[in-house]
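Student: Hey, could you walk me through a structure? I'd like to ask things as they come up.

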Amino acid sequence: MLSEWMKKLQQRSLLKANTVVHANREDQKPDGKMHKPGLCYRIFHPIAKEFQKEKFGLSHQPIDDFFKSQWQTSQKSYLWLLYRWGLAICFCIGVLGSLIQYLSKGKWFIYLTNWGFLLCMYISLFSAILVTIYHFKPDIYGNNSTVLKFYWASHWSVLVLATVITFMYWMFIFPTDNANASDLYNLWAHGFNSILMVLDHMLVAFPTRLLHFIYPLSLGVLYGVFSVIYYYAGGLDPSGNAYIYEILDWSKPGWAAVIVVGCVVLVLVFCFLLFCLYKLRSYIYCKCRNSKLTISV
């Protein structure tokens, strides 16, 4: 009995050794040296893999990644939970303060900036609630949970929207705007929001998919349709102008259409840039893990 068990163990060891040798031979050049993929391959192959059909979906394993930080080593982290609620409270204070100060008979809700600000509050609260539930009932969500799919699409959409809004405002709107650059609301809605969302992007554990560009793009198209309806319904801004943003004036439909197309291009560009940040996050994490420098929380 013992001899048969030892024989099987030896066969398994031999099979594993042959597999490793075969894999190594595949990576070898004719001169016997190990083959190392070229720079172009290492850069473009991960991008090409993103354009597979399954990357378009919202399924991901393990689902624990939606409740954890990339940088935690334990299954649950109270530091991560505190961070989640701290971020949510920050956005809640910012949005509520802005509403109290600038509501202006409901005109606060016509601006894309405030849509983005409100969505930052929503996604930070959503994240905090999910992590809290996970801490007490870790098995409550299944592998194909609709809640997690909606959360993933929402988080990506809000992240892209926040960064695009910040870029658009400081590049094209602020130069002709009467707002003070040091105004707290201005900094909150056009600066801190995107900084905090990018920071969050570098901390979360779930991946980024290039084909998910469709979700923030849909959100942008929704606002474009709203601005058209608002204009033709006779809506005015707080100063009585027949537009929400001067650069998006539908009394000049040709120019407004150019701006919309430009925004679509910006969304695609920022999706790619944020995907690169995700790859950088993964690269740093792998380096830290291999060096046994991952922070334990």
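This is a predicted model: local features need pLDDT of at least 70, side-chain atom pairs count only at pLDDT 80 or more; totals for chains, interfaces and linings use all residues.

Student: Let's go inside. Which residues touch the most other members in the largest nonpolar core?

Tutor: Phe91 and Met197 do, in a core of 44 residues. Helices H3 (78-102), H4 (112-136), H5 (146-173), H6 (184-201) and H8 (253-290) each supply at least two residues of this core. The largest share comes from H5, with 11 residues.

Student: What does Phe91 touch, leaving out residues up to four places away in sequence?

Tutor: Phe91 touches Phe117, Cys120, Met121, Ser124, Trp188, Asn193, Leu196 and Met197. Apart from this core lies another one, made of 12 residues, among them Tyr169, Tyr245, Leu248 and Ile259.

Student: New topic: rings. How many aromatic pairs does a search of the whole structure find?

Tutor: The search finds 27 of them. Take Phe67 and Tyr134: their ring centres are 4.6 Å apart and their planes are at 5 degrees, so this pair is stacked.

Student: Where do Phe67 and Tyr134 lie?

Tutor: Phe67 lies in the loop between helix H2 (39-49) and H3, while Tyr134 is in helix H4, so the pair ties together parts that are 67 residues apart in sequence.

Student: Are Phe67 and Tyr134 buried or exposed?

Tutor: Phe67 and Tyr134 are both buried.

Student: Why does the pair of Phe67 and Tyr141 count as stacked?

Tutor: Because their planes are at 20 degrees, and stacked takes planes under 30 degrees apart. The ring centres of Phe67 and Tyr141 are 5.7 Å apart. Tyr141 lies in the loop between H4 and H5 and Phe67 in the one between H2 and H3, so this pair ties together parts that are 74 residues apart in sequence.

Student: And why does Tyr141 count as buried?

Tutor: Tyr141 has 16% relative accessibility, and buried means under 20%. Phe67 is buried too, with a relative accessible area of 3%.

Student: Which residues form one aromatic cluster?

Tutor: Phe66, Tyr122, Phe126, Phe150, Tyr151, Trp152 and Phe206 form one.

Student: What kinds of residues are in the lining of the largest pocket?

Tutor: The lining of the largest pocket divides into 13 nonpolar, nine polar and five charged residues.

Student: And what about the second largest pocket?

Tutor: The second largest pocket has a volume of about 470 Å³. It is lined by 27 residues, and Leu112, Met168, Gly220, Tyr223 and Cys263 lie nearest its centre. H4, H5, helix H7 (214-232) and H8 each supply at least two residues of the lining. By class, the lining of this second largest pocket has 23 nonpolar, four polar and no charged residues.

Student: Could we do a couple of single residues? Where is Asp139, and is Asp139 buried or exposed?

Tutor: Asp139 is in the loop between H4 and H5. At 72% relative accessibility, Asp139 counts as exposed. Asp139 and Asp64 are 75 residues apart along the chain, and their C-alpha atoms are separated by 9.5 Å.

Student: Last one: what's up with Pro216?

Tutor: Pro216 lies in helix H7, and at 3% relative accessibility Pro216 counts as buried. Leaving out residues up to four places away in sequence, Pro216 touches Trp156, Ser157, Val160, Val267 and Cys271. The C-alpha atoms of Pro216 and Cys271 are separated by 8.8 Å, with the two residues 55 apart along the chain.

Terms used:
Residues are numbered from 1 along each chain as its sequence is written. Side-chain values use heavy atoms; hydrogens and water are left out. A nonpolar core is a set of buried Ala, Val, Leu, Ile, Met, Phe, Trp, Tyr and Cys residues joined through side-chain atoms within 4.5 Å. Buried means under 20% relative accessible area, exposed over 50%, partly exposed in between (1.4 Å probe, protein chains only). Helices (H or I, at least four residues) and strands (E, at least two) are DSSP runs, numbered from the N terminus. Contact means heavy atoms within 4.5 Å. Rings of Phe, Tyr and Trp (its six-membered ring) pair if their centres lie within 6.5 Å; planes under 30 degrees apart count as stacked, over 60 as edge-to-face and the rest as tilted. Ala, Val, Leu, Ile, Met, Phe, Trp, Tyr, Cys and Pro count as nonpolar, Asp, Glu, Lys and Arg as charged, and the others, Gly among them, as polar. On a 1 Å grid over the protein atoms alone, a cavity is a set of points where a 1.4 Å probe fits but cannot get out, and a pocket is an open set with protein on both sides within 12 Å along at least five of seven lines; lining residues have an atom within 4 Å of a point. Grid points are joined across faces, edges and corners, and a volume is the space filled by probe spheres set on the points.
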